[in-house]
Structure formats: structure tokens, C-alpha cells
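These are my notes from one sitting with the model. I went from the whole chain down to single residues.

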Amino acid sequence: MATRDPRFSLPLAWWWVLLLAAAAKLSGADDPYRYFDWTVTYGPINPLGTTQQGILINGQFPGPRIDCVTNDNLIVNVVNNLDEPFLITWNGIKQRKNSWQDGVAGTNCPIPPGANYTYKFQAKDQIGTFTYFPSVALHRSAGGFGALNVYQRPAIPVPYPAPDGDFTLLVGDWYLAGHDQLRQTLDSGAPLPFPDALLVNGMPSDIFVGDQGRTYLFRVSNVGMKTSINFRIQGHSLRLAEVEGTHPVQNVYDSLDVHVGQSVAFLVTLDQPPMDYAVVASTRFNPDSTSALTSVGTLHYSSATSRAQGPLPEGPPETADWSMNQARSFRWNLTASAARPNPQGSFHYGTIQTSRTLVFASSPPVVVAGQNRYAVNGISFVVPDTPLKLVDTYNIANVIGWDSVPPRPDGGAPQLGTPVVRLNLHEFVEVVFQNTESEMQSWHLDGYDFWAVGYGNGQWTENERPNYNLVDAQARHTVQVYPNGWSAILVSLDNQGMWNLRSANWDRQYLGQQLYLRVWTPEQSFSNEYSIPTNAILCGKAAEYAH
């Protein structure tokens, strides 16, 4: 049997969701609709034994888990009962032709206090482990996040037998300080301190229950603010089964690094004597050897009467090289189907000529207009009062800095801006992320998966390209960039819209390490992009267009 906590693991959920999808298919119905009514409030939580103010959804921390099937239509009505504007983004959901529903400040007006907004989007051609979280005002540090699991359609096989249950683990660093206090810290020019704890599903530890001889799928997402984690289970191997919606080669690991904003799923067979085993998550790349944070949960065999002997399983070396080698070992399964019936490897990305190269270098904190900020190629993003998608739709002048971020670092003086890079629909682009600091970073691109073709140390040059993996690089939506290193991705721009490219380290995102990509074609067609929703909130300079 699986864990008895219905929020985080429902042993029947796997089958129930698939049965609903099969019934809809047999009846000839359109893709099913799933409706959710969410009320967002403040409320007391005490994950560390001390009561603090959290952000709750329907009274829950973390928020409700969404289980759905490929191509399901999700209708999520969000009522904001906070005292400030609120917005949710759906991390890893591609929002095909529909950046209107992306839920970031560049595409959507935040929901005002006392108001509501109904998101309408589809898990189009996707399968896997995703999350949602608040995207403005550092609300993410107070809660409001949750899991979004997309199961396969019955007609589309996955490259492993159906597990006997699955467990969802939302792992992340946590602060005792409230989001408003953390905001004040960053606004004052000070950095965020090291987090106070590591939580799993909103608690210091959790219990996962299963039967000896059975196999379970563990879905692990790093929902923290800024800290990488390593995950391991005492006496058990982790067989990698999914990386952010795609199927990898099923390599076996003793432990797995999961960086901020990333998700992985792995299979664990309960093949040991029936006991209780430690489930360990710990922070990576810590400031010093004494500052590491650890969460220790329990894998409980249903017939266990004692705990396994021995010390907790040790984490891997703190060196970036170990983690980088593990990242390089993640390989795309070329023969497996994903959400569509065709094999993943039928798209030969390594044979496509790139149309341009963009090299984005982050900067350490720099003083811009009297405030400590982060920047990309010297431009620190300032969130305008009018979302960029509305600015573009209504041709509002003097808001967007079109192509104002240099395509490569040029050494220019740091400045504030609202940069949007204009790209053509169906371009195939090389993007390099350069990290010149000693801090681990993550970058996320909304609306897309991409191929993480290369990782390296030092300064990237064109001479690195012969070392790219152009055959079976892992596809994903969030890539880590190692301290004083670089990561290279290839992305096929087949999804029209306004898409956020951002640091997944939320303090850096808040202080300007982000920009937007406008993927566009002059041919106006619903086959390329949907129109502005009739319920879109219009704010800032777009408010005059409200009817």
C-alpha cells in the first residue's frame, strides 16, 4: 500500500485518473474538463514548531494537488483574499499558443485583493511532474505552491510498468521570516540569509508507506527559493524515470541532485528486509560545511517492526564536478513515447542549423539607480505596471525595451530596463547561460522544453560546441548553471507568445535577473496563438481598453 496521506500520495489515483481518461475516449467526448475553485488566504502555519503567517489555498499548505491526464482542460478559478495582488504560474506547463494563461507579471495582471481570475489552459501534449506557485511579491516564500501531475493517456505507453503507487514530494528551503520581511531585506540592498530549514510537503519530514517487493514512483520537485538539494533513500536505488515531462534513459543512482525549479521522478523497488529506512534530502553547495540543512523522512515497509541499522546515507561530494557529471549522465530516451505516440527521438534536434546564438551572463549584485540589483548582460529587469503581453497586443508605446538586452555581454554599464528579445516563430536557437559567481544558479524558460546540450567550467566560447551532446541530450524546462561555469541549451521556438526567461533563484528573479522572449509571426491564426481571453484583467496603461 502507499502512504496514507491523501494529499501527497493516493494509491488509487494512478488508476482512477486513467480510467476517467479511458471512459472519455470510449464515449467519443472531447478532451475532459476539470474544474477547481481556489480561495487564497493568509493563515497560521507551523512547519518548524513556531507559528508563522503562511499563504494557503483552500486552507491548505502546501496547496491542493492537481492530478490530470494529457490534454485535459483545466479551469482554475482563483479568489484572492490577500491584502495585495496575487498571481499563480504553472511551472513547466507549456501553455501551447496560450501565454495569456502563464501567470507571470509579463503576461497577466495580478489578481487584485478581493477579486478573482479564472485560468483556462490545457495540459496539451504533456505528461509528467510539474508544480505551481505564486509568481509576484515573494509570495512563493510563504506558501501558495503545490503539485501538478499529468498522467499519460491509456493509448500512450510509458517505458516502465505501471507502479504500485506514487508519492509526490515538494522539497524546498524555508524561512521563518515572512515574505514581507524578506522583501524588505532585498529592497534594502541586503542579501537573503541562508534558509532556516528544509521542508518536505510543508513539514520537516514525511512518511511514505509501501509493501515489500512492490515498486513506487517518487515525484520530487524543488520548490525552494534558492537552494539546490540532494535526495537519497537508505539502502535503495533510484531508477530515473522522468525529467520534467520527458522520459530519460533509466539509469540507476544512489542519489540525485535537484536544483531550484527542477522536477524528477524515479522508481524505487522495496527490495530490502521489511524495516523503516531513512529518506534524506539535504542542501547542496552550502556556504560552509556546518550550514547544510537536512530533512530525514521514513520509507516504512508495511510489515516493518524496526528501523534499519546504520548511519544516514551520506550525500555526494560538495564539488560541482560530481554534480555536473551526473547532469551529463541524464540522457533522453530516443525510443520512448512521451505524450504523443511518436518516439521522442524522432525529432533529430542535433541536425538542425541554429538561427542565432544568445549568450546571457548574469552579474553579481550591482548598484543600479541606487539599489542593489541583479542583471542579465548589464540590464536589470523592472516589472512595468502593464504586462508586456498587453503592451504588445494594444501597441502601447514607451514600455518595452525591444531587443535592449545585448545578445552577448558587452561590458556596458548596468542599467534598468524592460527587455524583450524579438524572435521568429519556428526559429531554432542556441542559448548559453554564463555564471561568473560562486553561487549555483538555475534558469527556467516558460512555454518550452529545451535540450541541455552542454555544461562546463569557466568562460564559454564557440570552441565548446564540438563537446555538445547532439544526439540524446536531456530535454527539460529548467537548467542549472554551475558556479563559475556555463550551460548551453538548444530550443525550437514552436510556441508563439510572450515567454519569461528567468532565474529560478527567486531572490535573483525579484531583483532583475529575468527577461522576456517574444516569439511571433505576422500571420495571424488560431493555429499559432489564441486571442486575448474575454476575462483578462486589464491594468496599467491597458486599463482604458476594458469594456
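A compact globule of 547 residues would come near 24 Å, and the protein has 22 Å, which agrees. Along the principal axes, the C-alpha atoms fill a box of roughly 70 × 60 × 55 Å.

I noted the terms of the model before going further. It is a predicted model, where local features need pLDDT of at least 70 and side-chain atom pairs count only at pLDDT 80 or more, while totals for chains, interfaces and linings use all residues. Residues are numbered from 1 along each chain as its sequence is written, and side-chain values use heavy atoms, with hydrogens and water left out.

I looked up the secondary structure next and found five helices and 34 strands. These are DSSP runs numbered from the N terminus (helices: H or I, at least four residues; strands: E, at least two).

I then checked burial, where buried means under 20% relative accessible area, exposed over 50%, and partly exposed in between, with a 1.4 Å probe and protein chains only. Buried residues make up 61% of the 547. For contacts (heavy atoms within 4.5 Å), I took those with a separation of 6 or more: 79% of them join residues 24 or more positions apart.

Which residues touch the most other members in the largest nonpolar core? Such a core is a set of buried Ala, Val, Leu, Ile, Met, Phe, Trp, Tyr and Cys residues joined through side-chain atoms within 4.5 Å. I found 32 residues in this one, and F360, F433, L445, V479, V491 and L515 touch the most other members. Beyond four places in sequence, the contacts of F433 include F360, W443, V479 and W486. Another core, of 31 residues, lies apart from it, with F167, L169, L198 and Y277 among its members.

Q234 sits in the loop between β13 (229–233) and β14 (238–243). I count Q234 as buried because its relative accessibility is 10%.

Y175 is in the loop between β9 (166–174) and α2 (179–187). Outside four places in sequence, Y175 has contacts including Q52, L182, F194, D196 and M225. From Y175 to S355, I read 180 residues in sequence and 43 Å in space, C-alpha to C-alpha.

Q415 belongs to strand β25 (residues 415–417). At 45% relative accessible area, Q415 is partly exposed. Q415 and I379 are 36 residues apart along the chain, with 5.2 Å between their C-alpha atoms. Besides I379, Q415 touches V368, G378 and S380, neighbours up to four places away not counted.

I finished with the backbone. The peptide bond from F61 to P62 is cis, omega near -10 degrees, and P62 is in the loop between β2 (52–57) and β3 (66–69).

Phi of A369, which is not a glycine, is positive, near 55 degrees. A369 lies in the loop between β21 (366–368) and β22 (371–373) and is exposed at 70% relative accessibility.

N484, also not a glycine, has a positive phi near 50 degrees. N484 is in the loop between β31 (478–481) and β32 (485–492), and I logged N484 as partly exposed at 39% relative accessibility.

Technical notes. The radius of gyration is taken over C-alpha atoms; the globule rule is 2.2 Å times the number of residues to the power 0.38.
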